[in-house]
Amino acid sequence: MKPETKAIHALNHTEAATGDVSMPISLSTTFYRAEDGGYPGGHMYSRVSNPNRSALESVITALEFGAETCTFSSGNTAGMAVFQALDPGSHIIAPDDMYWGFKKQLQSMFSTTLSFDFIDLTAIENIDSYVKPETKMIWVETPSNPLLKISDIEAIGKICKQHHLILACDSTFASPMLQNPLTLGADIVMHSTTKYIGGHSDVLGGSLTTATVNPFWEKIRNIQQIGGAVQSPFDCYLLLRSIKTLAYRIKGHCENAMELAKYLAAHPKVEFVYYPGLISHPQHEIAKKQMKNFGGMLSILVTGGAESARKVVNSVQLFSQATSLGGVESLIEHRASVEGPDTKTPQNLIRISVGLEHVDDIKEDLNQALAQI
C-alpha cells in the first residue's frame with residue numbers, strides 16, 4: 001500500500017460486537033486472566049500494553065517500514081529511553097545543531113554516565129576522526145532544529161556499519177511521509193509525535209521504531225514497560241485519528257512552506273532563508289535524494305539583531321507566537337530566547353512552522369510584521 005492508504009488502513013480495526021469503523025478508546029488499566037493464568041485478550045496491564053497503544057505502535061511501524069515501535073508520553077521521553085539503554089561509559093556522536101531539549105538531557109542528566117561530542121554531521125569526511133573505542137552511537141537529526149541542516153543518513157549509516165555503531169535518527173521535522181531513515185541504513189528512528197504526526201497541537205507523545213528486534217531494542221522496550229512513561233489510551237486514540245490525514249496535511253505544509261521560502265528569500269528585510277527546498281540550501285541535493293518533499297519548517301535571519309527578530313514575532317497577527325511545530329496553525333518564535341544563554345542559534349533567527357492557512361494570508365502577515373523593522 002502507498003503511504004496515504006497505509007495511514008488509513010494499517011489499522012483496519014472492527015469491533016465484532018458493535019461494528020465500530022473507528023477504533024474505540026479502551027480505558028481499562030487491567031485485563032481478565034484465563035483459568036490457565038494467560039491473557040486471552042492479549043493484554044495484562046495498561047503500562048505494559050493497551051489496545052490503543054498497540055494499534056498506534058503498529059501503524060507507525062508500518063509507516064516507517066520497521067520491525068517494532070515503542071510509543072512514549074513525550075518526544076523527550078522517547079529520546080531519553082535511547083540514552084538510558086546505552087551502557088555507562090558509552091560515547092555518542094551527536095549533531096552540533098541539535099534539538100536543545102536532547103542536548104540539555106545529555107549535558108545535565110547523562111554527563112556522569114555518557115560522553116558525547118557535538119559535531120557538524122554534514123561534514124561526512126570528519127566523522128571518522130571522532131569515533132573512539134567507547135563510541136556506541138551516532139545520533140542524527142535531519143532536518144535539524146533550527147538551522148534545517150540535512151545529514152546524509154545513508155552515508156552516515158555506512159560509517160556506523162564500518163565501526164559497529166548504532167545509528168539513531170530524529171526525523172521529527174520530516175515525518176514518516178517525507179523520510180524513512182530505516183530504509184536508508186538507520187537502526188532506530190525517533191519522532192516527537194506531538195508535532196506533525198499529531199498535527200493539531202493538542203496531544204503530547206513520542207515514538208521509537210527499530211529496524212530489527214535485537215538486545216538493544218529489548219532494553220528500550222523494557223525501559224518503556226518498566227519505567228512506565230507511556231501514553232494514555234486517549235492520547236493514542238488522538239494520534240491514530242490524526243495519522244489518517246497525515247499525508248494530506250504534509251502535502252499542504254510542504255506547498256505553503258516552499259512558496260513562503262521563495263517569497264522570503266526575495267524580501268529586503270530577510271538576510272537568509274534556511275529551507276532545504278531552496279537551491280541556496282547547502283545540502284539541497286542530499287535533501288532531494290533522501291526526502292520525498294522538503295517539509296513545513298523554515299528559519300530566517302532578519303536584518304538587525306535580537307531586537308529586530310523580537311519585533312517581528314511580536315507584530316504578527318495571523319501567526320501564533322509559540323513554541324512547538326507541526327500543527328495546522330502557523331507558529332513563529334525567536335528561537336535563541338527559548339534555548340537560553342548558551343545557545344549557538346543566531347540572535348536574529350526566527351523559526352517558522354508553516355501551517356495550513358492560505359499561503360497569501362501567511363505571506364501578508366509576515367510582510368506587515370517585517371515592515372516593523
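Biologist: How many of the five residues of strand E12 (residues 349–353) are buried?

Modeller: Good place to start! A quick note before the answer: this is a predicted model, where local features need pLDDT of at least 70, side-chain atom pairs count only at pLDDT 80 or more, and totals for chains, interfaces and linings use all residues. Residues are numbered from 1 along each chain as its sequence is written, and side-chain values use heavy atoms, leaving out hydrogens and water.

Now to E12: five of its five residues are buried, so the strand is largely enclosed by the rest of the structure. Buried means under 20% relative accessible area, while exposed means over 50% and partly exposed lies in between (1.4 Å probe, protein chains only).

Next, look at where the residues point. Leu349, Arg351 and Ser353 face one way from E12, Ile350 and Ile352 face the other way, and all are buried.

Then come the partners of E12. Two strands pair if DSSP finds at least two bridges between them. Strand E9 (residues 297–302) pairs with E12 in the antiparallel sense over five bridges, and in this pairing leucine 298 stands opposite isoleucine 352 of E12. Strand E11 (residues 331–334) is also antiparallel to E12, over four bridges. Here leucine 331 has serine 353 in E12 as its bridge partner.

Strand E2 (residues 91–95) pairs with E3 in the parallel sense over five bridges, and isoleucine 93 has aspartate 117 in E3 as its bridge partner. Both strands belong to an open sheet of seven strands in the order E1-E7-E6-E5-E4-E2-E3, with mixed pairing. Strand E1 (68–72) and strand E3 (115–119) stand at the edges with a single partner strand each, so one side of each has no neighbour in the sheet.

Burial can be checked in a helix too. In H3 (residues 75–85), nine of the eleven residues are buried, so to speak a mostly covered helix. Among the buried residues of H3 are Thr77, Met80 and Phe83.

Key: Axes fitted to C-alpha atoms, helices over the stretch in contact; angles between N-to-C directions. Helix = DSSP H or I, 4+ residues; strand = E, 2+ residues; numbered from the N terminus.
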